[in-house]
Number of protein chains: 2
Amino acid sequence: MAGRFYTFAVYRIGMAGLTSIERLGEFGLIDHLTKRFPLPQAPLLTGIGDDAAVYLPAAGKAQVVTTDLLLEGVHFDLGYTPLRHLGYKAVAVNVSDLAAMNADPVGITVSFGVSSRFSVEALEELYAGIAHACEAYGVQLLGGDTSSSRQGLVLSVTAVGEAHPGQITYRHGARPGDLICVSGDVGAAYAGLMVLEREKAVFKDRPDLQPDLTSYDYVVGRLLRPEARLDIVRLLRELGVQPTAMMDVSDGIASELHHLCRQSSCGAQIYAHKIPIDYQTVAVAEEFKLPPVAFALNGGEDYELIFTVPIGQFDTIKSARDFAVIGHMTPDAGIIQLVSEGGEAVDIEAQGWNHFTSTP
Amino acid sequence: MAGRFYTFAVYRIGMAGLTSIERLGEFGLIDHLTKRFPLPQAPLLTGIGDDAAVYLPAAGKAQVVTTDLLLEGVHFDLGYTPLRHLGYKAVAVNVSDLAAMNADPVGITVSFGVSSRFSVEALEELYAGIAHACEAYGVQLLGGDTSSSRQGLVLSVTAVGEAHPGQITYRHGARPGDLICVSGDVGAAYAGLMVLEREKAVFKDRPDLQPDLTSYDYVVGRLLRPEARLDIVRLLRELGVQPTAMMDVSDGIASELHHLCRQSSCGAQIYAHKIPIDYQTVAVAEEFKLPPVAFALNGGEDYELIFTVPIGQFDTIKSARDFAVIGHMTPDAGIIQLVSEGGEAVDIEAQGWNHFTSTP
């Protein structure tokens, strides 16, 4: 992802010289935005243009359904979020939930509400991102709903996928002794958010000064355009490893561990120095005089996978470079501890994100 | 539906003496709102509480997916929309889309965004309506997403259903000569909207005067708490009638006929005096000095079914009291005519609802 995407307020979402939505009308707009998508192909029988989409599930496979609501001012700030990335992310976060179930994506519905300040060209950007993600994850556009909004931009995506029932990884399957693994690195998206919010405040006072985000390209990219880790799910299948439990990291690993432990009636111990944190995340944490591990534990929106595997599979996974073993499950239900490099154990609270309080 | 539901601004969505959402937090709120729902039962394997819901589709059945976005100030006005009805309606409009495909509902996801002005008690009302509709239509709650909103109330519902592939009724299957049928009556929801908007304007000036809606109970009920016509779909199956094409009436029958004709490469002729219009709708139209047929053609949100059947099945359907034959398809692609009782034919424009213009 090129750094040039991360400039501030460059997107002309407004009207000057652009096409108004009203000119196309609702049905014209849907036609216009969805024409870039390929025609329905198997297993999809019909997509956009009827009362509902229709697809044929693979024989014997369970259907997996998830949904995410993205609201302007709560989940994204259009001051620094390119609409193309937002479209990509709206798909990715849903596919990430399917990946967390060890399911393969089939299709998505996309509903949006926009105020008349949005141009058709702005929505084209949004849909370019959606189309890109659909292609990247092999998922088809099933349909959606389109509305004006008196408020900000509203995006609602639902994804359906499928998996053999025995292959599905729930949150409740972890057992004491299981190894806890995390894909990629964590805390980066929160670091990106910290940087963007800081630069936004600067930009507000000095709109003539475009922030230089070159040295933050990775963390900013992690926030604005995360990837669903379908690749990890497929790697595990290749390795013949079936996780006992799995989640995606949307609220920070502390919160996710609390879910896993509560639903699996276990505890967990993780090792601070084993948690994969990118050097840019560490650098940002230092700038803000905060411990990097706090970003990893309580920062959200990483969309990595956290999963548990039986200890007997350690030899199979130990050389995998796409995920790290960060600890193990314990029999002490509800007790989640972070062990420092010096061997000191402290309890971890599930802070996570709470969209109902004013700050994450 | 008792008239007492239709009073103005009676719902205390605010905080005085009520429970704030922040007090429960996101996960606490989800637990609280969903505890009234039954535990997942077949074909649902897991519902709320994991990254995604999982269900087992019936062997050989196609899966049908639809979604609707409901935004405060665009789709509903909380000044006169009880939250309990809104919850019911959010489910009903999605089930209606499944019915229009001749599919049976399986599950729904419900996402909402609310500002902090909403109390937990207000959301309980919303969820009471959702639970009621789930029970009425035999559909299970699969999951959802919950967020704060800086704007108004945002509701996004996705429904999944299933049907044998050969049983699905698309919009493109109508043939010249097919009879056009409409269930129930049409135009009533629009009449209800006209009345409520008028009374709202009065109420704004004189908040001490509660409007008497007794003589408008039917039309107001049609707007605020519509039903999905699953019963019609099942009646047709009992009669052994497979519609050649079907849609639900969400934008007015003029708009729906245009869709059916365009996708089926046909025209249509309908007879003004055959269109089923309730006497209350007629009365409201007369109060507003508008032709009742305009309400039926261009008023939206009736959620009745419009469908076509081969003329050879006329004897089977002619005695059905739950739907009326209003006309027939013609070979004149794109030409849709309204025939008056005197035999005069006029072309019908597809006005429909356009949420991107200021008025419906």
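Trainee: How many salt bridges does the rule find across the interface of chain B and chain A?

Mentor: A salt bridge is a side-chain nitrogen of Lys or Arg within 4 Å of a carboxyl oxygen of Asp or Glu. Here the rule finds four across the interface. One pair in a salt bridge is Asp51(A) and Arg171(B), at 3.4 Å, N to O. Keep in mind that this is a predicted model: local features need pLDDT of at least 70, side-chain atom pairs count only at pLDDT 80 or more, and totals for chains, interfaces and linings use all residues. Residues are numbered from 1 along each chain as its sequence is written, chains are lettered from A in the order in which they are written, and side-chain values use heavy atoms, without hydrogens and water.

Trainee: How are the two copies related?

Mentor: Two copies of a chain are related by a rotation about an axis and a shift along it. Chain B is laid on chain A by a turn of 180° and a shift of 0.0 Å along the axis, with an RMSD of 0.0 Å (least squares on C-alpha atoms of residues with pLDDT of at least 70 in both). The copies are thus related as by a two-fold rotation axis.

Trainee: How many residues does the contact take from each chain?

Mentor: Contact means heavy atoms within 4.5 Å. The contact takes 68 residues from chain B and 68 residues from chain A.

Trainee: What area do the chains bury between them?

Mentor: Buried area is the accessible area (1.4 Å probe) that two parts lose on being put together, summed over both. Chain B and chain A bury about 5,500 Å², with 58% of it on carbon and sulfur atoms.
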